[in-house]
Amino acid sequence: MLKQILSLMLIGFLISVVAMKPAIASAKVEDQAFANRVKQAVSSLGTGETVRVKIKLQNDTKIKGYISEIAENDFTVVTSKDKVGTKVPYPQVKQIKRNNLSGLGIAGIVAGGVILAAFLINVFGD
């Protein structure tokens, strides 16, 4: 009886190990695919002080600044506060957002200013 129980436990353990290996490999492939998408996104943004980004890393660390350099395995973000460059490996990125106002956003601000100025001139102009 004890041999049967031990045999069943061993068989169950072996099945779980064999079934788990492809799941782990699949997760690594997905992580690599996500890292490649991050790399493409960073490349499309480009570099320079006008390319402001907010980055959230896998360990939930947040970095705000601009992309100063793009390399094969990582990119460098210079923080706005202390102007220190931080190398960020692509697989460490959990989320990346561009932090700039778009052309449409700037146009909206300008239009709002013009409307406000026209209103103030109408009300206080006479």
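Trainee: How do strand 3 and strand 4 pair, and over how many bridges?
Mentor: In this predicted model, strand 3 and strand 4 run antiparallel to each other and share five bridges.

Trainee: Which residue in strand 4 stands opposite Val 77?
Mentor: Thr 86 does. Further along, Val 78 stands opposite Gly 85, and Asp 74 has Pro 89 across from it.

Trainee: What about the hairpin of those two strands, how many residues sit between them?
Mentor: Five residues. One of the hairpin's residues, Lys 83, takes a positive phi near 55°.

Trainee: OK, zoom out. What order do the strands take in the sheet?
Mentor: The order is 4-3-2-1-5, in an open sheet of five strands with antiparallel pairing.

Trainee: Which strands stand at the edges?
Mentor: Strand 4 (85-89) and strand 5 (93-98). Each has a single partner strand, so one side of each has no neighbour in the sheet.

Trainee: What does the twist average from one strand to the next?
Mentor: 45°.

Trainee: Back to strand 3. How many of its residues are buried?
Mentor: Six of its six. Asp 74, Thr 76 and Val 78 are on one side, Phe 75, Val 77 and Thr 79 are on the other, and both faces are covered.

Trainee: Why does Thr 76 count as buried?
Mentor: Because its relative accessibility is 10%, and the cut-off for buried is under 20%.

Trainee: What does Thr 76 touch, leaving out residues up to four places away in sequence?
Mentor: Tyr 66, Ile 67, Ser 68 and Glu 69, along with Gly 85, Thr 86 and Lys 87.

Trainee: New topic. How many residues are in the largest nonpolar core?
Mentor: It has 14 residues. Ile 55, Phe 75, Val 77, Val 88 and Val 93 have the most contacts inside it. Helix 1 (2-45), strand 1 (52-57), strand 2 (62-70) and strand 3 each supply at least two of the core's residues.

Trainee: What is Phe 75 in contact with, apart from its neighbours within four places in sequence?
Mentor: Its contacts include Val 42, Ile 55, Ile 67, Val 88, Val 93 and Ile 96. Glu 69, Thr 86 and Lys 87 are also among them.

Conventions. Residues are numbered from 1 along each chain as its sequence is written. This is a predicted model: local features need pLDDT of at least 70, side-chain atom pairs count only at pLDDT 80 or more; totals for chains, interfaces and linings use all residues. Side-chain values use heavy atoms; hydrogens and water are left out. Buried means under 20% relative accessible area, exposed over 50%, partly exposed in between (1.4 Å probe, protein chains only). Contact means heavy atoms within 4.5 Å. Two strands pair if DSSP finds at least two bridges between them. Helices (H or I, at least four residues) and strands (E, at least two) are DSSP runs, numbered from the N terminus. Axes are lines fitted to C-alpha atoms, for helices over the stretch in contact, and angles run from 0 to 180 degrees between N-to-C directions. A nonpolar core is a set of buried Ala, Val, Leu, Ile, Met, Phe, Trp, Tyr and Cys residues joined through side-chain atoms within 4.5 Å.
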